[in-house]
Amino acid sequence: MKKAKQIQHSKPFDLLSEELVFIILDLVAQNPSDLKSFSLTCKWFYQVESKHRRSLKPLRPEYLPRILTRYRNTSDLDLTFCPRVTDYALSVVGCLSGPTLRSVDLSRSFSFSAAGLLRLAVKCVSLVEIDLSNATEMRDAAAAVVAEAKSLERLKLERCKKLTDMGIGCIAVGCRKLKRVSLKWCVGVGDLGVGLLALKCKDLRTLDLSYLPVTGKCLHDVLKLQHLEQLLLQGCFGVDDDTLQSLTHHCNSLKNLDASSCQNLTQRGLASLLSGAGCLERLDLAHSSSVISLDFASSLNKVSALQSIRLDGCSVTCDGLKAIGTLCVSLREVSLSKCVTVTDEGLSSLVVKLKGLRKLDITCCRKLSGASITQVANSCPLLVSLKMESCSLVSREAFWLIGHKCRLLEELDFTDNEIDDEGLKSISTCLSLSSLKLGICLNITDRGLSYIGMGCSNLRELDLYRSVGITDIGISSIAQGCCHLETINISYCKDITDKSLVSLSKCSLLQTFESRGCPHITCQGLATIAVRCKRLTKLDLKKCPYINDSGLLTLAHFSQGLKQISVSETGVTDVGLVSLANIGCLQNIAAVNTRGLSPSGVAAALVGCGGLRKVKLHASLRSLLPPSLINHMEARGCAFLWKDYNNNNNNNTLQAELDPKYWKLQLEEDIML
């Protein structure tokens, strides 16, 4: 009996079924480090985790044989971290994951040819989705190979600029089950190729033709598709009024139409396009050449079920906005970003009847004042998202009313506005608030942030860029009350010290930390973030003069998930930069005007960081680094950005940038330009 009891006690996990462990793994999978710890618990957990995992995102292509041998049930393979994927690698994928693989993403990869794609298409009989975007050298022969994937339903070929109608024709003939196709920026594809797709692939639901040299001719066939729900025509200059006027086909299934940046499309052509789209729900006309007037808005009476309209950058009139509000009372989302002609009267007349409005974007509508914002608050109590960056004429009292009337808000962008602490106090009653942007808000202080910390416990994103009234006290209030914080920007908040970093280290979910131009931050504060925030992926330390090798050594040890870092104009030397090679996920490095770096140190760091995709360095290093190294890095998929910044008087430049008068003037000059 004793022996039996001992055996039972030595294997406590025998009581767990495989199905129950799968449920546990679904919960653990949110954190990669937790998943790794789980699989290392015992051999059985290791085996069960291998059976359970369906999605993989390897860091190196050379790991593929070992990884796919272990994870035999892989259905989704994301190779965006692997810039150099050869035909051999695709052959390995086909051999080891052929029966189970359903989706593969090669949008950031190259070095493969039609031969590799053929092995993938033939072996992976269950493949329904493939992303070949950015394959700028891909030609029609490779497209013909893709056509061998007979079960394909979703295909992305964005920026495959050497494809022609012939290649698309092969795909149309071979892949009859296609439902979603993106040909954005495939400039070699015209009406013939698109027409073939429409004729052969009758189940198409989504078709992206953005920036293609197509005309209204191919739209006659496209709009015959009985299941088409989404049609994207962004930047199609060949689509004009004359070619659309003869359209006679109705497309009652169409729900989403994007005709943004179609400069030759006016109200007359749009009316023809909308005439047969009675079920349309989303319409994007951003940067259109048409004036959104009363005549234009009248064409919307045929799409009374419209729920979302985007008019960014358009010239709109008061009568036009009023007509939209009257004809489209079911609108839930309205975007008027950078519509410089929008006035208080126009916006008020739009929203007064839109009681169900959920999202409103009035970014850079500089003529608006508190009058229209008051109308928005009174008319739209169901708002969940309000973006009003640079609406500097809006009074402080209007912000108080927003918080008082719109209690369901989840996303707020008040960048460059006159909101003050009383406004933040009112906003703090929005208990569902998850994203709050307060950049360049010079009237807020720590007291206002304390209200947010006490009331908005669900906050995930906070932007305090250049809000110079904030100190460690305010950040402490946020860290204490908003434990779910994932992103914070405190760049150029000149009074922030290590105390803020110590406070923020309690936010264990923190992923993005931007502290550019914070002159009092040191490596001690950075160490607390590195040690306690295990999910950190993006870090901006530019112009933090007291950050040196000690801080980077700590990051190299504890922040294994870091993908992007900027150490420009810091105290980092070769030792610190080379230590980053210990971070396998690292993709982007910026190290401009960092005086402690030498050509040999930079070269060593570049060689050691095998997964780099983008590197920003001072232009002077270009001639000092070995050409063979640069060629090797570029062949591996790394892009170099060479910046020629002035390296003199960095301290004086930083002090000037911290002065609100200086950068406010610069901002105004940039806007004028």
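Residues 24 or more positions apart account for 73% of the contacts in the chain with a separation of 6 or more, a contact meaning heavy atoms within 4.5 Å. This is a predicted model, in which local features need pLDDT of at least 70, side-chain atom pairs count only at pLDDT 80 or more, and totals for chains, interfaces and linings use all residues. Residues are numbered from 1 along each chain as its sequence is written, and side-chain values use heavy atoms, with hydrogens and water left out.

**The whole chain**

- Along its principal axes, the C-alpha trace spans about 80 × 70 × 65 Å.
- You will find 29 helices and 26 strands here; these are DSSP runs numbered from the N terminus, with helices (H or I) of at least four residues and strands (E) of at least two.
- Of the 673 residues, 53% count as buried, where buried means under 20% relative accessible area, exposed over 50%, and partly exposed in between (1.4 Å probe, protein chains only).

**Around threonine 429**

- Threonine 429 sits in the loop between helix H19 (421-427) and strand S18 (435-437).
- Its relative accessibility is 31%, so threonine 429 counts as partly exposed.
- Leaving aside residues up to four places away in sequence, threonine 429 touches Gly403 and Arg407.
- The side chain of threonine 429 reaches the backbone oxygen of glycine 403 at 3.2 Å.
- Serine 348 lies 81 residues from threonine 429 along the chain, and their C-alpha atoms are separated by 25 Å.

**Helix H18**

- Gly403 belongs to helix H18 (residues 396-405), where Ala398, Phe399, Leu401, Ile402 and Gly403 are buried.
- The cover over the buried residues of H18 includes helix H17 (370-379), strand S16 (385-387) and H19.

**Around serine 566**

- Serine 566 is in strand S23 (residues 564-566).
- With a relative accessible area of 8%, serine 566 is buried.
- Not counting residues up to four places away in sequence, serine 566 touches Leu539, Asp540, Leu541, Lys542 and Ala590.

Terms used
A polar contact is a pair of N or O atoms within 3.5 Å; within protein, one must be able to donate a hydrogen and the other to accept it, and residues adjacent in sequence count only if both atoms are side-chain atoms.
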